[in-house]
Amino acid sequence: MAERMLQFTHLPQQTPEKRDAAVRRADFDEIYKRFDVQSAKAQASRCSQCGIPFCSIHCPLSNNIPDWLKLTAEGRLEEAYELSSATNTFPEICGRICPQDRLCEGNCVIEKGFASVTIGAVERYITDTAFAQGWVKPIQPRDERAESVGIIGAGPAGLAAAEALRQQGYQVTVYDRHDRAGGLLIYGIPGFKLEKEIVLRRWKWLEEGGVKFMLNADIGGKISFAALRAQHGAVLVATGVYKPREIAAPGSGLSGIVPALDYLITSNRKSLGDAVPEFDSGKFNAAGKDVVVIGGGDTAMDCVRTAIRQNAKSVTCLYRRDKQNMPGSLREVSNAEDEGVVFSWLAAPEAFLGGTGVTAVRAIKMHLGLPDASGRQSVEPVEGSSFTIPADLVIKALGFDPEDMPGAFNDPSLKLTAWGTLKTNPKTFETSLPGVFAAGDIVRGASLVVWAIRDGRDAAASIHQFFKAQSLSQAAE
């Protein structure tokens, strides 16, 4: 069916239609409408089926993108789903939140002058259709194994590992500090990018496949880490990184200056229907306030767009570099601009003003200097360029560092890197403790969901090899 492909020469790139900005500002529903069957087939048919698929090479999961695009173009959606899900635990989630412009789509090699294939939207369409048609079946291991694995953290790395280990027949229990599974997928990412039902659906699917969940689990407190290790043949630490980076500026201790993750968790809990006193009190509610968000990553974009939906009086994003050098997705910046966010590029906070509560941010203009050791341009303040922005609520979105894991688990023999992440064998994912593995951001540092999925799957493969080696050793005795 080669004639179905290479349609990029006469079919323009089309992304799913976005809801009008004025409408979507009023709710937390996803902003993109869904492809219909004809649009999905047409966009998939634009793939050139190139000899070296750079889209797959630049995907952390090495997804077989050209193959499932071809199957979609041919209307063979069930096969497309089987192929897509073979390498990706959560294709419908990656299709929504991956920065495709920096990964697969950004490396599409369609001839110059033609836009890339709309990969993410087709990926999302395939799995949403598979769920709707009943093609997504619960995990059914060929054989049940007696060995058990305890996974600490129900975020993307932990859930990806749980799925892979359960497929092998292991008895898997996932422990999480929150009352729902999903980690940042459920509590950190707003509904306008990832509706919560999508994550809850996967949680239910894992439970139907035999994965057990222990929520509100206080590991290192009520449940000792030593007891957890004794209970399971192997343990995987996949806690992510939650400690917010601080701002060293005068006035940073004023009330009204809050960490991004606390703000987003509060908003997501409100959307999920929970009772949230800190939202109702106004502490984490932007309604009627002048809001300033400091940072230029995807978390900062989540915060500014959440504040808009909470009916903030004004929302300004303060970022010390320019638009081209920001770490977040440019697509998210465009969506934020459409919704009314004001961006103050090349500007950094100098001080926070106010009595007991913040009333303004004094910022200073920056200019880009020579590249530093990492190759990224350094930033330097412009003397005498200070200016003031009114602010009743300041949200710090400067990134995340790891928590003190040896302290939290009360096990000082758990070794760390110089960056505070867990030290692991890069080939086996095993930590300094025998039988204890780690994966995701707690090893890698704050990164993308797709990398967490990759790490979780790879760690699961290493745990499988760990148990196989144990069996061989026991058989030889």
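Analyst: A residue is called buried under 20% relative accessible area, exposed over 50% and partly exposed in between (1.4 Å probe, protein chains only). The model is predicted, so local features need pLDDT of at least 70 and side-chain atom pairs pLDDT 80 or more, while totals for chains, interfaces and linings use all residues. Residues are numbered from 1 along each chain as its sequence is written, and side-chain values use heavy atoms, without hydrogens or water.

User: Which residues are buried in helix α5?

Analyst: In α5, which spans residues 77–87, the buried residues are L77, A80, Y81, S84 and T87. Helices (H or I, at least four residues) and strands (E, at least two) are DSSP runs, numbered from the N terminus.

User: Why do they line one face of the helix?

Analyst: Seen down the axis of α5, the buried residues fall within an arc of 140°, so they line one face. The arc is taken from the directions between the helix axis and the C-beta atoms.

User: What do the buried residues of α5 pack against?

Analyst: They pack against four helices: α4 (65–73), α6 (91–97), α7 (119–133) and α18. Contact here means heavy atoms within 4.5 Å.

User: Which residues have the most contacts inside the largest nonpolar core?

Analyst: Those are L69 and I151, in a core of 93 residues. Helix α18, residues 449–476, gives the most to this core, contributing eight residues. A nonpolar core joins buried Ala, Val, Leu, Ile, Met, Phe, Trp, Tyr and Cys residues through side-chain atoms within 4.5 Å.

User: And what is L69 in contact with?

Analyst: Leaving aside neighbours within four places in sequence, L69 touches M5, A44, C47, V117, I119 and V122. Another core, of 26 residues, lies apart from the largest one, and its members include A300, Y319, A336 and I395.

User: Back to I151: which way does it point from β1?

Analyst: I151 and V149 point one way from β1, and S148, G150 and I152 point the other way. Five of the five residues of this strand (148–152) are buried. Strand β1 runs parallel to β2 (residues 171–175), and five bridges join the two. Within that pairing, V149 has V172 as its bridge partner.

User: Moving on, in what order do the five strands of the open sheet come?

Analyst: The order is β6-β14-β7-β8-β9, with parallel pairing. At the edges are β6 (257–259) and β9 (342–344), each of which pairs on one side only. Two strands pair if DSSP finds at least two bridges between them.

User: How many bridges does β14 have with β6, and how many with β7?

Analyst: Strand β14 (residues 393–396) has three bridges with β6 and four with β7 (residues 290–294).

User: Are the faces of β14 buried or exposed?

Analyst: Both faces are covered: L393 and I395 are buried on one side, and V394 and K396 are buried on the other.

User: New topic: how many aromatic pairs are there?

Analyst: A search of the whole structure finds seven. Rings of Phe, Tyr and Trp (its six-membered ring) pair if their centres lie within 6.5 Å; planes under 30 degrees apart count as stacked, over 60 as edge-to-face and the rest as tilted.

User: Why is the pair of F343 and W345 stacked?

Analyst: Their ring centres are 4.9 Å apart and their planes are at 10°, so the pair counts as stacked. F343 is buried, at 13% relative accessible area, whereas W345 is partly exposed, at 22%.

User: Which residues form one aromatic cluster?

Analyst: Y170, F437, F466 and F467 form one such cluster.
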